[in-house]
Amino acid sequence: MTEKFAKILEYQTLDMELRRLSREFNKLPEKKKLDVTRNKFNEAQSRLDTNAEEAEKLASEIERAYAEFKAAYETLEKTEKEYGAAATEEERAAFLPKLEALKSKLDSCKSRINGRTERIKQLTGVCMKALTEKKTFKEEFDKLKVKLDAYREEKLPERKRLEEKMKALEPTLDKSLYDMYIRYRNDGIAPVFVEVVGDSEKDYACRCGMQLSQTNKSELKNKTMCQCETCRRIVYLK
């Protein structure tokens, strides 16, 4: 094994340790509860925003309906005075359709106002419930976060040690090997470089458990490295 390959393997070992720390953190019961609580908080916030927005639109509609009601009422009062001042039955009869239309308009405005007011009451109840849920989820979230922050603080020295060693190694790494490692790691392959499994060329297999093809075996024998056709890991011969 060359020195440059030994260095990329050392770098991979450090990186895998970092990944292990992250996996351990993500598997913590508190971390899972935190994610659930965050989602519930966001759902409550979404309900609050949606219903508050609807209530705001309804309030604007009530304002417009009230303005229409007021204008129609003022017109009705004026028309009723004109009706009362009419000199003949024929003149009064001419006012009747307008009076009926104005009364119908007032009834329609009242119906719109009452319907929207009732809906706003319902939305207010939903919003109040969402606010209570938000408060509960926020308190639970904060408690969980304190525990997780303490865990992070406990693991911070180890994480920093690994990160510093990796940073110190990077300038000494072979660029082609490093670029290959980063590319496959970003594709979700970990570890990238794995030692061949088996004691003889006939039995050579990858760590994924699949036997290497004859082409792979020949490449491994000649170049001490090949890419598994199944899992895409880079298999090396020690």
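**Burial, shape and backbone of a predicted chain**

Biologist: At 1% relative accessibility, does Thr79 count as buried or exposed?
Modeller: In this predicted model, the relative accessibility of Thr79 is 1%. The cut-off for burial is under 20% relative accessible area. Thr79 therefore counts as buried.

Biologist: Which residues does Thr79 touch, not counting those up to four places away in sequence?
Modeller: Thr79 has its place in helix α2, which covers residues 29–85. Once residues up to four places away in sequence are set aside, the residues that Thr79 touches are Phe95, Lys98, Leu99 and Leu102.

Biologist: In what order do the elements of the chain run from the N terminus?
Modeller: The chain holds five helices and three strands. Read from the N terminus on, their order is α-α-α-α-β-α-β-β.

Biologist: How far apart are the C-alpha atoms of Thr136 and Arg92?
Modeller: Thr136 is found in helix α3, residues 89–169, and counts as partly exposed at 43% relative accessibility. Along the chain, Thr136 and Arg92 are 44 residues apart. The separation of their C-alpha atoms is 66 Å.

Biologist: What share of the residues of the chain count as buried?
Modeller: The chain exposes about 15,700 Å², of which carbon and sulfur atoms supply 51%. Of its 238 residues, the share that count as buried is 29%.

Biologist: Among contacts between residues at least 6 apart in sequence, what percentage join residues at least 24 apart?
Modeller: A contact here requires heavy atoms within 4.5 Å. Taking those between residues at least 6 apart in sequence, the part that joins residues at least 24 apart is 65%.

Biologist: How far apart are the mean positions of the positive and negative charges of the chain?
Modeller: The chain has 51 positive and 45 negative charges. The distance between the mean positions of these two sets is 5 Å.

Biologist: What elements are included in the cover of the buried residues of α4?
Modeller: Helix α4 has twelve residues, 175–186, and reaches 16 Å from its first C-alpha to its last. Its buried residues are Leu177, Met180, Tyr181, Ile182 and Tyr184. The elements that cover these residues include α1 (3–27), β1 (193–195), β2 (225–227) and β3 (234–236).

Biologist: Which peptide bond is cis, with omega near -5 degrees?
Modeller: Just after α4, Gly188 takes a positive phi of about 90 degrees. Pro191 lies in the loop between α4 and β1. The cis bond, with omega near -5 degrees, is the one from Ala190 to Pro191.

Note on methods. Residues numbered from 1 in each chain as written. Predicted model: local features only at pLDDT ≥ 70, side-chain atom pairs only at ≥ 80, totals over all residues. Heavy atoms only, no water. Helix = DSSP H or I, 4+ residues; strand = E, 2+ residues; numbered from the N terminus. Buried < 20%, exposed > 50% of the residue type's maximum accessible area, 1.4 Å probe, protein only. Areas by Shrake-Rupley, 256 points an atom, 1.4 Å probe, with all protein chains shown as cover. Lys, Arg positive; Asp, Glu negative; His and termini not counted. Charge placed at Lys NZ, Arg CZ, Asp CG, Glu CD. Expected span 1.5 Å × (residues − 1).
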